[in-house]
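This report looks at charged side chains and how they pair. Please keep the sequence and the structure at hand while reading.

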Amino acid sequence: MLDLILVALVAVAFVLAVGYARFCNRVLSPAADRDIVK
Amino acid sequence: MTSTGWLQIALFIALAGSLTRPLGGYLARVYAGERTFLQPALGPLENTLYRLAGIKPEAEQSWLQYVVSLLLFHVLAIIALYSLLRLQSVLPFNPQDLPAVSPDLALNAAVSFVSNTSWQSYAGETTLSYLSQMSGIAVHSFLSAASGMAVAIALIRGFARRRSSAIGNFLVDVTRGTLYVLLPVSAVAAFLLMTQGVPETLAPAAWATTLEGGIQTIARGPVATQEAIKLLSGDGGGFFNANSAHPLENPTPLTNLVELLLMFALGAALTNCFGRMVGAERQGWSLLGVMAILFGLGVASLYASEASGNPALEALQAERMTDTHPHSGNMEGKEVRFGIAGSALFADVSTASSDGAVNSMHDSFLPLSGGILLANMMVDEVIVGAPGSGLYGMLLFCIVAVFLAGLMIGRTPEYVGKKIGLPEVKMTILALIAIPLVTLGLTAIACVVEPGLAGLGNAGPHGYSEILYAYTSAAATNGSAFAGLNANSPFYNLTLALGMFVGRFFVIVPVLAVAGSLAARPLVPQSAGSLPTDRTLFVFFLLGVIVIVGGLTYLPALALGPIVEHLQLLHVTLY
């Protein structure tokens, strides 16, 4: 049982990391692209 | 300090420096898909692997596809290694009949080796079967190093390409890094280690009768093959609990030198590879210059600190020798055969390179020395670092440096022909903040909860340093231990696993995002207003940024641990 819980935790970590990547992708969208110093 | 000690350090620096250019050129050819001298031997194997896995080597990925491939690959690797450790008691190559690894320890070890950390809450010779060591620990040392290099190469492609939506193919990069770089170098190094007496056998432990008539168990196994990749990969997890202090892992002065060179070889060479791939080798040399200055300062301070001896022993006049050698230095926790210089050099290389192997016990170093080792890890692995992670960490600091320089002179920041925009700076800050956040956050929690305090071997600032060292080592994917902390408990196994996962993957994700964003940008020609980033001025500017960012983030944490302990030691107060 504990094994299943720990493997599920790893799966949750994967989902969170993919979610983080999608968040980063949104930040990188062309609309967000502005030069810092004009 | 002795002239022999300084000579030893100088010899290592000269040899490591001389490997940088040839190895950097070779890496650039490998990752550009060009023909190398190993192509005839390994090319058919490479193509077979692609066919078996259904990989089209010419099909490249966007940064998001690259990162999802990487994450999926690593999560499957964690589950595979976890399963292997849990099932080792019923699997072959277990001559000592070792039981299954406990669930929390198995998860910790799986995350540790897949994330290229190699934090070990266990003693290898009494916990892992030969199968776990060979197909678990050693295999993931290869794959985690290849992944780190793949991420660095993807970031370099981001700088080198113009208006491209792709940054490479993750599985192709991992395959080429493993086949053409890690396997051949490891094979040569393993053979050299075997000639020096490092064992490579599947026979069970040997038993010897001591002079007193007792029975001594002498652990052995397939050590040489694991030892080579342990050092080359930046992993550092030892076959034996004593790691490279064990005479069967590191038997002679020659193996000690080879192990030192293996730890720095790929990290240093990648700077040259970067310079070649962006078409300006000098850019790589300037990065290596910053690494060399930080390393030189660290190793000189560490050697001086350890050679100065322990003030508490001096107060007792316990180790006064002669007028010309008024003290023997701090030899506690060190192998006599390596001495102070050899131990200080190994410790500095190990923490700077993010490898984490040890040939002396870091917990026994003087407080200021412990602080130097911590500082090496706290600057995000940029002092050479592990293969790949050192370079991408340094490139993140370069982005911060050109951003700050741009603000000073009122121009859009540029680096190696790419304008650095707001998205890249945001991603860089996300990457740089992940490690301190998890290190300091988990340290704070462990300092106030009962399971955290239960693992302490010492009280006061030294105990605090033990906890800080553990989480710093985990999040920076170093893996070396301060040794005083008993970290094999569910609390430490799970929180350290969290630290390793966040410290590795929550840095890699924004790094690859930077790569994707930069690859899509056009190249801008250098103008009179561009900041030259291959000159001495930029080297020292970048150095200042690293020291200030690292110092501002961690100075309060260091003040509570090693600095307070050092001041207390001067008044002979011990913990």
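## A partly exposed pair and its network

In this predicted model, Arg276(B) counts as partly exposed because its relative accessibility is 32%, a value that lies between the 20% below which a residue is called buried and the 50% above which it is called exposed. Its partner Glu281(B), at 23% relative accessibility, likewise counts as partly exposed, and the two side chains meet in a salt bridge with an N to O distance of 4.0 Å. Through salt bridges that share partners, Arg276(B) and Glu281(B) are joined with Arg21(B) into one network.

Over all chains, the structure holds 13 salt bridges. One of them brings together the side chains of Arg176(B) and Glu46(B), at 2.9 Å from N to O; this pair links distant parts of the chain, since Arg176(B) belongs to helix H7 (residues 170–195) of chain B and Glu46(B) to helix H2 (residues 39–53) of chain B, 130 residues apart.

Arg176(B) has a relative accessibility of 7% and therefore counts as buried, and Glu46(B) is buried as well, with a relative accessible area of 4%.

## A buried pair between a loop and a helix

The side chains of Glu249(B) and Lys230(B) also meet in a salt bridge, with 2.6 Å from N to O. Here Glu249(B) lies in the loop between helix H8 (223–232) and helix H9 (253–277) of chain B, while Lys230(B) lies in helix H8 of chain B, 19 residues apart, and the pair links distant parts of the chain. Both Glu249(B) and Lys230(B) are buried.

Methods. Residues are numbered from 1 along each chain as its sequence is written. Chains are lettered from A and ligands numbered from 1 in the order in which they are written. This is a predicted model: local features need pLDDT of at least 70, side-chain atom pairs count only at pLDDT 80 or more; totals for chains, interfaces and linings use all residues. Side-chain values use heavy atoms; hydrogens and water are left out. Helices (H or I, at least four residues) and strands (E, at least two) are DSSP runs, numbered from the N terminus. Buried means under 20% relative accessible area, exposed over 50%, partly exposed in between (1.4 Å probe, protein chains only).
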